[in-house]
Amino acid sequence: MRTDRDPVEASELIGRRRESEMLELLLSAARNGHGGGLVLSGEAGIGKTALLDWVHRVPDLRVLRVGGVEFETDLAFAALQQLCAPVMSRLGSLPTLQRHALEAAFGLDDRDVPDRFLVGLAVLGLLSEAAATERPVVCVVDDAQWLDQASAQALSFAARRVETEPVLFLFAMRETSDRNELAGLPEMAVEGLAEEDARALLASRIRAPLDGPVRDRIVAEARGNPLALLELPRTIDLAGGFATPGTSTASDKVVASFRARLTALPPDTQRLLLIAAAEPTGDPVALWRAAHRFGIDAGAATPALDAELVSLGLWVRFRHPLVRATVYGDASSADRRAVHGALAEVMSEAREPDRCAWHRFQAAAGPDEAVAVALERSAGRARARGGAAAAAAFLEAATKLTPSAGRRAERALVAASAKRDIGAVDAALDLLAVAEAQPLDSVSRVRAETLRARIAFDRRRDDASVAKLEQAAQATAPLDPPSARQIFLETLAAAVFVGRFANGPRLHDVAEAALALRPAPQPARPLDLLLDGLATQVRDGFPAAAPLLRRVVDQYLRSPGDGAHSPGELWMACSAAMDLWDDAAWRMLADQQIRHSREAGTLAALPMTLSYRALAHIHAGEFHDAAALVDESYTIAAEVGAPGLVYVHVSLAAWRGDRDRTDELARTALRDAAERGEGRLVTAVEYAQAVLLNGLGRYEAALEVCLPVLELDEMGFHAWIPAEFVEAAARSGNRQLAALMLERLTERTRSSTTDWGAGMELRSRALLCDGPEADELFTNAIERLDRSEGRVHAARARLVHGEWLRREGRRHEARAQLRAAHQMLLSFGADAFAARAARELRATGEHPSSRPAESVVGRLTAQELIIARLVATGDTSREVGEQLFLSPRTIDAHLRNIYRKLGIRSRKQLRDLPALGEPGTPQGLVS
């Protein structure tokens with residue numbers, strides 16, 4: 001059998017100097033230990049594959065190659081498994097958690113994959129090991145627009161983290177592709193050849209003499225597309241060129257050329273190529289086993305090899321992806337079913353059950369319950385491996401093959417829910433329509449209504465969709481009380497998100513309905529207690545709900561390793577801790593979830609969790625730490641396709657006194673809030689604006705942005721806005737409004753016994769008092785706040801006390817308070833409040849410094865600070881890498897920079913730095 005090399009591989013790259021120079025720079029960097037990623041984009045046939053082939057021939061590199069296949073886009077990790085197959089012998093060198101994740105992703109054991117991004121970290125570790133012990137590794141991914149989502153996300157994740165690894169990722173995809181997974185990677189557009197280069201390429205490949213007009217026509221019609229240049233001469237009369245000019249694009253002409261050559265092949269050769277196109281792994285063993293089912297022998301390959309359409313060796317390679325697409329697309333449905341059936345027969349159901357099931361599905365001519373059951377099992381395995389898209393695809397396929405109407409409806413519901421989980425809302429609605437067209441029992445009917453309500457809220461986040469969720473919860477209550485309570489909690493959270501944009505008392509209606517449910521079974525789940533506590537808070541007020549909320553928060557604190565809590569539950573539990581003025585519980589809840597998310601690799605949950613931890617850092621005056629988490633959250637949110645943390649970002653900008661940045665973020669946030677109907681985001685912006693304006697001493701303007709709180713009483717903001725309101729009202733002379741808000745604040749704080757709550761009440765009350773009473777209240781407020789974690793509030797208590805003392809003519813005492821406040825606020829980076837303290841100090845006759853000495857942490861980047869904090873706790877480079885989804889080698893490279901910036905040489909010296917906490921004590925990112 002011939003094993004000719006692909007003719008495109010053998011050709012010289014003509015007219016590709018710019019592209020080859022860029023690739024050579026990247027390859028040279030990889031040889032020197034610096035990796036990266038690059039996306040080559042362009043139309044079909046423009047030369048992307050030829051560039052990847054050129055890389056394949058570069059010496060001293062190990063090239064791993066895979067191509068996306070259109071009808072395998074729903075098979076999770078299919079492409080990744082092919083790419084990694086040559087280096088799987090190094091699997092044992094990975095940390096246990098990563099090894100288990102990769103084994104589960106590839107179906108090598110039955111463990112659940114925590115998250116596909118952990119798989120990405122495992123891939124990075126696997127490739128790094130291979131590159132470090134052998135040669136630099138180049139991962140070549142052709143037709144990336146057809147990668148399955150799980151593979152694309154894992155590969156993109158790894159490609160963003162190889163800066164200090166000798167690993168390079170090259171992706172080639174169509175220019176019309178919108179693969180979000182690869183967004184943000186460097187991109188190079190591959191364009192058509194210049195006319196001179198096009199003529200040179202044509203002359204190098206076409207040995208027969210060409211008439212001038214014929215050559216001109218080929219060059220003109222190819223429009224610089226190299227594959228068209230090489231294929232067009234096969235379709236026209238080279239001697240005269242009298243064929244009628246067409247209007248199709250260059251790639252259309254290329255496909256027509258391939259089609260003409262394919263139809264000229266013998267029937268057995270055409271069937272052999274169809275088998276190869278239907279089994280995209282390129283495994284020649286599977287190809288010939290299936291071919292033998294049709295009585296096809298090795299000689300059938302010769303015409304295809306002679307026509308330069310395919311090459312056969314260790315792998316089956318088509319000349320170009322368009323050849324594969326043309327072979328498969330032009331085949332009749334009967335022929336496609338026949339080859340898929342043969343492939344299913346030759347595959348071991350024990351060793352490759354999912355691929356076997358998929359081929360059986362493609363081979364089915366009509367409903368087949370046995371195949372549907374096999375697909376359903378494959379869906380379960382895919383879901384366990386973290387392949388949500390694959391699970392949804394298997395379930396949808398199972399639905400199509402289900403003969404029983406009732407069973408079809410059930411499978412359609414499950415498939416619709418799976419499609420919704422991966423964001424394929426239109427497909428979910430189609431499947432939902434299929435389910436609703438079948439006879440449904442009452443439970444299934446309610447499940448369908450609930451799914452429609454959830455999709456409605458996903459799309460609009462408006463009051464109407466909250467109403468649908470509430471109706472679904474009510475309908476579920478008599479049929480499935482535990483599920484109803486979960487839907488009610490979801491509805492309550494949705495109503496909180498809509499906030500001021502609700503029509504009527506939506507939140508109170510939801511709370512009333514939730515409380516009317518039958519009591520939760522004992523022992524109650526944390527979710528049940530949370531629902532009862534929050535609903536009581538909405539209906540009866542915070543004091544009535546405080547004891548139950550205290551119990552709820554304690555319950556969540558007692559289950560730190562419980563991954564069963566959803567991010568929505570955690571968000572509501574953190575809000576409850578804030579309303580209880582329990583800053584320690586708030587911080588610990590966020591820390592627990594961060595730790596769990598990092599260890600399990602569940603990136604999707606991290607942005608929300610990081611938001612609560614970043615707010616706790618602001619509360620503690622750790623602005624640099626908060627900024628580090630905001631930066632990390634934006635990076636992760638981009639990778640998982642979630643919004644960034646504008647809630648926290650705008651608050652941080654306000655506390656820093658950055659007017660321009662606060663205004664910019666506020667404008668964007670308010671626009672987004674209006675578009676999405678997200679009233680809670682508006683409240684977050686108003687809080688940030690109040691902080692900024694109070695810091696600037698613009699109290700009337702601060703009071704103006706606080707006024708909506710008179711009508712709104714939103715969870716999670718009780719501990720934030722009222723104190724700003726009281727200060728703004730008191731300092732602008734509106735003591736009546738200040739007293740009204742102080743009364744509300746006192747109702748909250750006296751339902752809790754924390755130092756934070758007591759200190760905020762005392763500080764606010766002092767602003768409305770005079771004489772010795774005010775002095776005593778300020779002093780007690782500072783004492784209580786110093787015992788809390790709220791250092792920014794302790795500093796501001798000193799500031800307002802110092803301002804009061806100066807107005808009382810007690811300059812010496814005022815200086816002591818103002819000096820302490822100024823130093824604290826400067827060290828935090830709270831520039832507006834620090835400037836306010838500085839003005840007051842100058843009024844006492846003291847001239848404060850404008851800037852504190854640079855702190856140790858101020859010399860580090862956000863990522864370096866995170867690494868330094870973790871290493872200071874005693875974590876190894878491998879452990880830090882597992883938490884931050886980086887390789888150990890990358891952690892070591894960052895550590896070298898950290899040591900240089902801090903003037904130290906060892907981990908021990910890093911642990912001993914006071915700014916990073918006492919030895920072994922984390923201060924910040926993961927406690």
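Is W655 buried or exposed? W655 is buried, because its relative accessible area is 0%, where buried means under 20%, exposed over 50% and partly exposed in between (1.4 Å probe, protein chains only). The model is predicted, so local features need pLDDT of at least 70 and side-chain atom pairs count only at pLDDT 80 or more, while totals for chains, interfaces and linings use all residues. Residues are numbered from 1 along each chain as its sequence is written, and side-chain values use heavy atoms, with hydrogens and water left out.

**Aromatic pairs**

- The count comes to 12 aromatic pairs; rings of Phe, Tyr and Trp (its six-membered ring) pair if their centres lie within 6.5 Å, and planes under 30 degrees apart count as stacked, over 60 as edge-to-face and the rest as tilted.
- W358 and F394 form an edge-to-face pair, with 5.5 Å centre to centre and 85° between the planes.
- This pair links distant parts of the chain, as W358 lies in helix α17 (residues 353–363) and F394 in helix α19 (residues 388–401), 36 residues apart. Helices are DSSP runs (H or I, at least four residues), numbered from the N terminus.
- W358 counts as buried because its relative accessibility is 8%, and F394 counts as buried at 1%.
- F623 and W655 also form an edge-to-face pair, at 6.4 Å centre to centre and 65° between the planes.
- F623 belongs to helix α31 (residues 623–640) and W655 to helix α32 (residues 646–655), 32 residues apart.
- At 1% relative accessibility, F623 counts as buried.
- W581, W586, Y687, W720 and W756 form one aromatic cluster.

**Helices α34 and α36**

- The axes of α34 (residues 679–696) and α36 (residues 721–731) come within 10 Å and cross at roughly 40°. Axes are lines fitted to C-alpha atoms, for helices over the stretch in contact, and angles run from 0 to 180 degrees between N-to-C directions.
- The two helices, α34 and α36, are therefore oblique to each other; angles under 35 degrees count as roughly parallel, over 145 as roughly antiparallel, 65 to 115 as roughly perpendicular and the rest as oblique.
- In α34, T683, Y687, A690, V691 and N694 meet I721, E724, E727 and A728 of α36, where contact means heavy atoms within 4.5 Å.

**Helices α41 and α42**

- Helix α41 (residues 811–828) and helix α42 (residues 831–843) pack at an angle of about 155°, with their axes 9 Å apart.
- Helix α41 is therefore roughly antiparallel to α42.
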